[in-house]
Amino acid sequence: MKSGWGFSAVIETEHASPILFDTGSDGSVLLHNMRQLGIDARQIGTIVISHAHGDHTGGLQSILEVNGDAEIYVPSSLWRRLPGRNVTAVTGPVQICAGVFSTGELKGIEQSLALMTDRGIVVVTGCSHPGVGEILRAASRFGKVSGIVGGLHGFHDFDRLRGLSLICPCHCTQYKSEICRLFRERCEECGAGLTLEL
Ligand SMILES: [Zn+2]
Ligand SMILES: [Zn+2]
């Protein structure tokens with residue numbers, strides 16, 4: 001795997017084709033890592049972009065070049081026409097496919113995903129610019145939140161994580177080591193190539 005500054009995750013579910021959530025900062029790294037993991041970029045059915053920052057959108061052009069069919073969900077602040085492509089501008093909460101929801105665009109900048117799993121709702125975030133508390137609150141409309149995976153930025157209200165059974169602080173999370181020290185048994189160390197079964 002190649003690592004870099006950014007975030008990207010593929011979400012595989014039982015009932016729908018794979019979803020790519022964010023694309024990292026570099027398309028060649030994205031496609032390389034997908035190949036290494038045995039993920040066929042052409043099979044991605046849906047691409048969701050959390051927010052406009054380059055460390056999440058940098059690989060978008062490259063995946064669109066090899067995948068002409070995926071539906072695309074972007075926060076409305078990022079919407080632009082992509083000729084021939086089905087692009088949905090997200091404002092409010094919306095279902096992406098069976099068991100996968102967007103929180104909606106929060107604070108006018110970013111959307112996160114809420115995955116319905118056997119353990120409850122697992123949230124996947126890009127950078128958490130709207131604030132982790134705000135994101136958890138928005139995701140809880142879909143069920144009891146039991147996990148969070150992704151960039152948590154400067155979040156340090158650690159009590160908010162107390163009820164969760166999975167915490168995977170990635171990417172821009174400033175207080176990664178503090179979070180992992182506080183919630184040792186529930187913390188997963190994040191990095192390129194990490195696979196989580198939910
Ligand atoms: Zn970021
Ligand atoms: Zn960001």
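Donors here are N, O and S atoms within 2.8 Å of the metal. In this predicted model, the donors of the zinc ion (ligand 2) are spaced H-x1-H-x73-C-x1-H along the chain.

**The zinc site**

Four residues coordinate the zinc ion (ligand 2): His51 through NE2, His53 through ND1, Cys127 through SG and His129 through NE2. The distances run from 2.1 to 2.6 Å. Angles among the 4 donor atoms span 89 to 174 degrees, and the site is irregular.

The zinc ion (ligand 1) is 3.5 Å from the zinc ion (ligand 2). Cys127 coordinates both.

The pair links distant parts of the chain. His53 lies in the loop between strand E3 (46-48) and helix H2 (54-57). His129 lies in the loop between strand E9 (120-125) and helix H4 (132-139). The two histidines are 76 residues apart.

| Residue | Relative accessible area | Class |
|---|---|---|
| His53 | 35% | partly exposed |
| His129 | 27% | partly exposed |

**The strands**

E9 and strand E10 (145-151) run parallel and are joined by 5 bridges. Within this pairing, Val123 has Ile148 of E10 as its bridge partner. From E9 the chain passes through H4 to E10, a β-α-β crossover that is right-handed.

E10 also pairs with strand E11 (residues 166-170). These two run parallel as well, with 5 bridges between them. Here Gly147 has Leu166 of E11 as its bridge partner. How enclosed is E10 by the rest of the structure? Largely, because 7 of its 7 residues are buried.

**The nonpolar cores**

The largest nonpolar core holds 22 residues. Val123, Ile148, Leu161, Ile167 and Ile179 touch the most other members. E9, H4 and E10 are the elements that give two or more residues to this core. H4 supplies the largest share, 5 residues.

Leu161 shows the packing in detail. Beyond its neighbours within four places in sequence, Leu161 contacts Ile148, Phe155, Ile167, Ile179, Phe183 and Arg186. Another core, of 19 residues, lies apart from the largest one. Its members include Ile19, Phe21, Val124 and Val149.

Conventions. Residues are numbered from 1 along each chain as its sequence is written. Chains are lettered from A and ligands numbered from 1 in the order in which they are written. This is a predicted model: local features need pLDDT of at least 70, side-chain atom pairs count only at pLDDT 80 or more; totals for chains, interfaces and linings use all residues. Side-chain values use heavy atoms; hydrogens and water are left out. Donors are N, O and S atoms within 2.8 Å of the metal (3.2 Å for Na, K and Ca); water is not among the atoms, so sites may look incomplete. Four donors count as tetrahedral if all angles lie between 85 and 135 degrees; four count as square planar and six as octahedral if opposite donors are over 155 degrees apart and all others between 65 and 115; anything else is irregular. Helices (H or I, at least four residues) and strands (E, at least two) are DSSP runs, numbered from the N terminus. Buried means under 20% relative accessible area, exposed over 50%, partly exposed in between (1.4 Å probe, protein chains only). A nonpolar core is a set of buried Ala, Val, Leu, Ile, Met, Phe, Trp, Tyr and Cys residues joined through side-chain atoms within 4.5 Å. Contact means heavy atoms within 4.5 Å. Two strands pair if DSSP finds at least two bridges between them. A crossover is right-handed if, with the strands pointing away from the viewer, the path from the first strand over the helix to the second runs clockwise.
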